[in-house]
Amino acid sequence: MVYRKRIVFGLREKVILTVIGISMLATAFLSILFYNRAVDIIRNSHEEAIASSLSVSADTFDSVMKDGYLACIYAAYSEEMKALMHRDTTYEKLTELLERIRESSSSIYSVYCYITEADIIVKVGREGIEIAENSPETEAWISSIADKKGENQFSPTYNTDISSAIQRTFFTYEKQIKNGDETLGSLFVNIDERDIYFKCLQSEETKNTNCYITKGNKVVSATDTGILNTALVKQSNTISVSKKMAMTDYSMVSVSDFTAITAELRKTRNWILLVAVLLNFVFCIPVFFIVRRMMYPMKELEKTMNQVKEGDLTIRADIYRHDEIGNLSENFNEMIEQVERLIDELVKEKMLKKEAEIEALQYQITPHFMYNTLSSIRYAALMQNSNEIAALLQAFIELLRLSASDRGAFITIQQEIRMVHNYVTLQQFRYQGLFDVVFDVEHKTEQFYVPRLIIQPLVENAILHGLNHCEGKNRIGVRVIQVGRFLAIQVKDNGVGMTQEEQYNLTHGVRKSKFSGIGISNIRERLQLYYGDQGSLTFYSSPQHGTTAMITLPIADHPDIYTI
Amino acid sequence: MKKAIILLTSMLLLSGCGQQQTEIKQEQKSVVAIVKAMDSLHWLSVQDGMEKAASEYHVDLTILWPESEDDAEVQTGILEDAISSKPDAIAIASCDSEGILQYVPEIYENGIELFYMDEEAADSSDIPYIGSDNFYAGEMAGEALAKAVSDGTQVAVIAGNQKQTAHSKRANGFRNYIEHKTSLQFLEIYEVPDSTMSGGRTAMRQLLEQYPEIQGVFCSSAMMVMGAMKECRAAQRKDIKLVGMDTQSDALTAVQNGDILAMVSQNGYEIGYRTIRTIVQRLNGEEISKTTHVGNELITQSNAGRFLKEYVEEGRK
């Protein structure tokens, strides 16, 4: 199989092709329409012209025949003729009379007279006078003409004069010369076919039009004597007009070659089409420039779009005109702006998370070698039987390890509580039993995951700011319970509590110094980051009545659920 | 686009090679008119009127005539041939009103409509007639002559072939008027069989020889009155009042000059025209009246100019 590459046209090419194509179609349609109309008009006027000129020719033919007929009948009935119908030696008077008949009309070629009594035929014609005895040829000729009873007597008999040496083609009128009932002879008036041709047809003929006189379908007079007595051949694409003669049985026929008549017109039509094609090609040039100008904003928009596709969101399409393309560009610009805004927001969010994580890491007390060293110190303390110091170190090491080793952002409640426990052990050592910490953790909550170091800062806060150093026993309660799909973590102290202002500052993250309050705002930020609106940190406090911090967050039984 | 190209191509092809052959045949009703002769202006104007009407009503018209008005034999010969050509209608101004009657059955057998023009039938058949009311025309001539001559004077008629009803009716109309309505003395009807100018002149000479007292003569055709006028002039008898018939320019000029007293108009053109119109009406199946009289008017010196003008204009139509 052969695959042809399909040509893909651009919008511009399509527009140009459409414009050119339609204008071509219109021109072609118009020229063909006008051509057909013109052909019709020409045909009609041609037919009319031919018909009217044919009737003129037909009249000429009829008047020639009428002259012949009248000459024949006048002579046949005249007493002078009747008196000469007998045997004579010279037939001088008869030839004189016949000569007069012949000269009565210019179209009469010859006049023959057959005398029954003498059985002689007297011929007076343009060639001269001939007096001949009856012969078989003469007999045949006479009977061919005389034998037309019941036919139209106004119509001459078309014949070939076989009785003469020169066999001419005649239209012959014949009348019997009678005296009462006795037939004395016959009179023949001959009209030459060539005379008729020159009188009636020749003037009608043109390059494209042939004229004939016909009887029935037979040609009796034409330019070409070769086709006489043959049927008229019909040709295609011709206009044939025929006119029946008034007096005789003959018809005048004109056959025009219509193809030749309309040749010039066809040439004009083709010329128009050719000019149209050329003009259209010429018009291609301005159309090309106009369309290019019109399409310029489109091209520009396409370029801008390509740049945007490459990743440049800062670029904007130029708006040239307030047309469809202008609107398109405008809308595109708006869309790009929106995309850019959305991407900005996304980036900002990611950055915030990173920052929070870094802050959390900063909060960790990490380096390994520190707790390795501490471990050595602890062993030294054990060897010196200083068990208390060893226990403290044990707690500190564990705290450090938990903070450092587990890399994930989420840890179980159990681990978090353990960490808080270790922290509390250390702090109790520091504050020498100034406070007690009570843990109340629901067993089923122990395996739920929470963000690392989410409780520890609250306990630290309670120890650092909430302890009442003057009065007796401070109590800090840490409670974790499940409420439906949520986890509630409560850190409660019975310390100094907070004033309204302090509470406000705490809630709104106003820091007194660089380090104070970091833990609280960090918790809040992380809750917001991980849980959105589902996580919250609330403080309930009043001066001298302690502070309660409350975290609520959705339950997660897998570390990855809320991991970003 | 493809469709458009196909459409266009097919249009071009269709218009390019139409193999057509148009044939137009023109066939019209055919009428043969046989008149008495073509030797007077009257007949020429009859021919004129007929040809005009024939071209207006699209009729194939053949007009034939014998050499002279008394060639009844030739006319019947032509009529026989006319019947053989089987036209739709034959109109005849017969040279022999009686002689024609034997052909009527044959004409009808061949499905040909027959019309009499200018010359009425000799019988009372219902063959349509188009022409003058000849008896009335004779009376008109009598009245005109009676006014111009004094009581008791002798008057005569030079009439054409009495076989022809046109001439005999005119002569009898004249005679009737003179004998019954006036005190004039009616001499005789002098027949000129071929109604020619020379015949008229001979007749006038005879009448002058026979009746030297004669004061008025009515000639039943223009040709004869012209002949009579010539004879009167030659015989120095300018006192003789002549009345003629037919609208013919030479006679009208003579009226204008005072050589002829009056002419009874017979509008040949109108007769010819109306004949063809009546024939066409009949052939189209319309109702026609049996007689169509073409009005006769008296032309005298006072109005000859107008007739002459009309006559010239008619010829130009």
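1. A:Q427 lies in helix α11 of chain A, which spans residues 413–431. The model is predicted. With a relative accessibility of 9%, A:Q427 counts as buried, because the cut-off for that label is under 20%.

2. The side chain of A:Q427 makes a polar contact of 2.7 Å with the side chain of A:Y423. Leaving aside residues up to four places away in sequence, A:Q427 touches A:F435 and A:I463.

3. Chain B holds 11 helices and 13 strands. Of its 317 residues, 56% count as buried. Among contacts in chain B between residues at least 6 apart in sequence, 74% join residues at least 24 apart.

4. Chain B contains an open sheet of 6 strands with mixed pairing, in the order β8-β7-β9-β10-β11-β13. The edges are formed by β8 (185–191) and β13 (298–299) of chain B; each has a single partner strand, so one side of each is left without a neighbour in the sheet.

5. Within this sheet, strand β7 (residues 154–159) of chain B and strand β9 (residues 216–219) of chain B run parallel and are joined by 4 bridges. B:I158 has B:C219, in β9(B), as its bridge partner.

6. Helix α5 of chain B, residues 134–148, packs on the sheet. This helix touches β7, β9, β10 (241–245), β11 (262–264) and β13 of chain B. The direction of helix α5 of chain B makes about 160 degrees with that of β10(B).

Notes
Residues are numbered from 1 along each chain as its sequence is written. Chains are lettered from A and ligands numbered from 1 in the order in which they are written. This is a predicted model: local features need pLDDT of at least 70, side-chain atom pairs count only at pLDDT 80 or more; totals for chains, interfaces and linings use all residues. Side-chain values use heavy atoms; hydrogens and water are left out. Helices (H or I, at least four residues) and strands (E, at least two) are DSSP runs, numbered from the N terminus. Buried means under 20% relative accessible area, exposed over 50%, partly exposed in between (1.4 Å probe, protein chains only). A polar contact is a pair of N or O atoms within 3.5 Å; within protein, one must be able to donate a hydrogen and the other to accept it, and residues adjacent in sequence count only if both atoms are side-chain atoms. Contact means heavy atoms within 4.5 Å. Two strands pair if DSSP finds at least two bridges between them. Axes are lines fitted to C-alpha atoms, for helices over the stretch in contact, and angles run from 0 to 180 degrees between N-to-C directions.
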